[in-house]
Amino acid sequence: MEFRPIISAMRRNKIGAILIAVQMAITLAIMCNALFIIEQRVALSQRPTGADEANVLFIRNQWVGNPPDASARLQGDLAALRALPGVQDAFATNSVPMSGGGSTEGLNLHEDQKDATALAALYFGDEHAIAAFGLKLVAGRNFNSGDVVDKVGYTDLKSPTGIIVTRVLADKLFPGGNAVGQSVYGVARSGRTPIIGIVDRLQVPWVSAGGWGSKFNDSSMIEPFNFVSVFPFYYVVHTQPGQLNTVLQSAPKKLFDISRARVIEKTETMTAARAEAYKDDKGLVVILSVVCAALLAVTAFGIVGLTSYWVAQRRRQIGIRRALGATRNAIVQYFQTENLLIAGAGAAVGVALAVSLNLWMVNAFAMQRLNTSYALIGAIVVLLLGQAAVLWPALKAASIPPALATRAA
Amino acid sequence: MFNYYFGLAIRSLRRNIVLTVLMIAAVGVGIGASMTTLTVFRAMDSDPIPEKSRQLFAVQIDNWGPNAKGVGTGDSEHLQEQISYIDATGLMNARAAHRQSAMYVSGAALTPANPDVLPFQVQIRAAYADFFGMFDTPFLMGGPWSAADDKGHADVVVISRELNDKVFSGANSVGKMVNLDNHEYRVVGVMGSWEPVPKFYDLNNNAYGKSAEVYLPFTRAIDGQMQSWGNNNCNGKVGEPGWEGRLRSECVWLQFWAELPTAADVEHYRVFLNNYASDQQRLGRFTWPAHTRIRDVREWLVYQHAVSTEVRILVLVSFSFLLVCLLNAMGLMLAKIMGRAGDIGVRRALGASRRAIFGQCLIEAAVVGLAGGLLGLFLTALGLMGLRSLLSEEVTRLTHFSPADITIAVMLAVLATTLAGLYPTWRAAQVQPAWQLKAQ
């Protein structure tokens, strides 16, 4: 293929060629950054909580006022929930994964250490917590009923007798892997607390992208407390397989039968909680996908439009080339090569633009660095798009009859 | 002349319908995408209290010092976004500003008088009487409680219009009682609709969420041990347990706002605040030099990053998209105008000046822009509907299209398309009449 005639023809249409190349460059830059964000948000919204999500539901309960017998009421509710048909186990806690609200504590290895060794999300629970969430205990032991005491709101500063931590938190505190039996110090309270067990995974309550929880996503601990508080709190109910929807109806009904002096803010399955927690991430994915598709379509139509104009402009020249013996294929190839050159230049600029756009976003939005394979995939997509868009005008050009050359002049 | 050019533009656009449709579609899609995100961005970035945003100041006091040990140890300047109860009472007692209020978010169960209706949750804001005057909150019935009520820790509330509709069916409830967590409060006022977006006075706690349903005196809330339902941040050892311990602690959980109408007031308050912190150092509470800061509403929004990352990304993406659409329209316009070089040559030969050709082509571009803008408006409405179904309620509260947005959309479309048309138009004006006529 001869490039020289193509390039000298392009010189006469500089601006048109540049317009297409710039369009392709911006399209490429936006597209691969958008794809990158899409991939991240999809991965984000699929992170496991560690719970048996398909069979767990949350009930957010609030007492009216500060009943003096709140502790007894809590135990009464839990006994009733555990006895409900279709329920495996239940417990009460201050917060749940994906709820976006909860408490964090810094943990130290030594008393009066300056910077905390690890941050951990706090969940309060009794000996039923592991079974009710459906967590996997991988080392040490569960709480027993002797470990568990009442905690009267967050201003009750009593220290736990022992804590159960996630594997991630255990590894952060004791990289040697011997966390069980070791002790940690809470930043906010005095005295040391032994680690008595390790669960495989339990996500923190905050799941938004780049939010508070992104610093310590799977770093959680369970403290053996019954949370007796004026704050709203959660009952976590683990149902038998297939019983989730039945219990979703029967559990709040049962609680209201026990007492109407309460507010049940919501009763929702973990599946619903997940959909709600990641709604904006899913939304962003859909919007960015639509924008990418629209961007590709606009760029493609732009190429079709401008190339068609070029074909129309060069009708006579094409006729002459055909009369001088150029095949239809040669004409199609001419326009395809021309587009490849333009798209190639656009893609080269686009890759550079994509990387700098990403670097800027890394600075401005604390985004991750772009994986270069995205830029390469983007470049290939843009080149293929150009080839596809140019095909129709090129075929039209190829159908120009050689006789045209003899006729017009 | 304009009418003639307008007619010519329409005729020329109709002659090459495919190119015209492509151009209008490109401009329309670009405008639609960018206006959709711009609407949300403008709502997030908007000044929630324009008439007073330069007179209202959030107060920050460094009560943790350079060796802070908490979970979140403040910003790069070591300042916390909220203040402690000790400082809140210190500043309230001094009353050094024109108006001021410490405040925090709480909640309670409201038990309706009708025993058949279940108790429900209400969001509470505990504040001082100045809160209402300071933020110019509208009142439907009654009014704020008095400074005497603040002093007397009175059992009074101001309720939202929504709550008044729900509990009192919209009737005048001033003087009636509401039961919050088994305690009776007398309604003194019903607020009109007041939903500043973002909720600038408490950005830490659900910045785009709804305003409170119940407002009650701060002093009464502290007496009633109403826990903060918002962000609490403690520095190292909390100290003593219980409510009293929390009040005596250095935990930060309160917002503090001051109204300072003049520059002199602002300067005066800065000095006062610094003296206050120095006094704390003298008393031995702070072991570091005074470190305080006040920021007005606009500065506070920027400092607290009120506009979400998602929306910034979308604005960036959609304006790049608009750029691509305009480049596209520019290319197509170039093709279209150069395709008509012959016509232009004839007009020039018949005596049309370059300026006349320039004007004619620019009007053609503006017509494309106008059509694209109208299409863009329709697509924006569609886009906002899409956002509403895709995003959470906090974001969708920002998707209201205002008349200002409509003007912006059409202006943007016409202006951008005309700008994009400048180069093709200039090329058209350069057409040599003789050369074109010869080629025919």
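Start by selecting helix α8 (residues 279-313) of chain A together with helix α2 (residues 17-45) of chain B: α8(A) and α2(B) are roughly antiparallel to each other, because angles over 145 degrees count as roughly antiparallel, under 35 as roughly parallel, 65 to 115 as roughly perpendicular and the rest as oblique. You are looking at a predicted model, in which local features need pLDDT of at least 70 and side-chain atom pairs count only at pLDDT 80 or more, while totals for chains, interfaces and linings use all residues. Residues are numbered from 1 along each chain as its sequence is written, and chains are lettered from A and ligands numbered from 1 in the order in which they are written.

**Stop 1: a helix from each chain**

Two packed helices are described by the angle between their axes and the distance between the axes. Here α8(A) and α2(B) pack at about 155 degrees, with axes 11 Å apart. Axes are lines fitted to C-alpha atoms, for helices over the stretch in contact, and angles run from 0 to 180 degrees between N-to-C directions. The helices themselves are DSSP runs (H or I, at least four residues), as are strands (E, at least two), numbered from the N terminus.

The crossing of this pair is left-handed, meaning that the near helix is turned anticlockwise from the far one by less than a right angle; clockwise would be right-handed. Now show the side chains. On α8(A), pick A:Val291, A:Ala294, A:Val298, A:Phe301 and A:Gly305; on α2(B), pick B:Leu19, B:Leu22, B:Ala26, B:Val29 and B:Ala33. These residues make the contact, where contact means C-beta atoms, placed from the backbone, within 7 Å. By class, nine are nonpolar, one is polar and none is charged. (Ala, Val, Leu, Ile, Met, Phe, Trp, Tyr, Cys and Pro count as nonpolar, Asp, Glu, Lys and Arg as charged, and the others, Gly among them, as polar.)

**Stop 2: the whole meeting of the chains**

Next, colour the two chains separately. Their contact takes 50 residues from chain B and 54 residues from chain A. On the chain B side, the elements giving two or more residues are α2, β3 (120-127), α8 (242-248) and α11 (309-339). Which of them gives the largest share? That is α11(B), with 20 residues. The chain B side has 30 nonpolar, 14 polar and six charged residues.

**Stop 3: α2(B) and a partner in its own chain**

From α2(B), select B:Val27, B:Ile31, B:Met35 and B:Thr39, and from α15(B), B:Asp405, B:Ala409, B:Leu412, B:Ala413 and B:Thr417. Six of these contact residues are nonpolar, two are polar and one is charged.

**Stop 4: the domains**

Zoom out and colour by domain, with bounds from an automatic or database domain assignment. Chain B has domain 1 (2-47 + 308-439) and domain 2 (63-259), with their centres, taken over C-alpha atoms, separated by 50 Å. Their contact takes six residues from domain 1 and four residues from domain 2.

In chain A, domain 1 covers 4-46 + 280-408 and domain 2 covers 65-260. The centres of these chain A domains, again over C-alpha atoms, are 54 Å apart.

**Last stop: one residue**

Finally, click on A:Leu341, in helix α10 (residues 328-365) of chain A.

Terms used
Contact = placed C-beta atoms within 7 Å.
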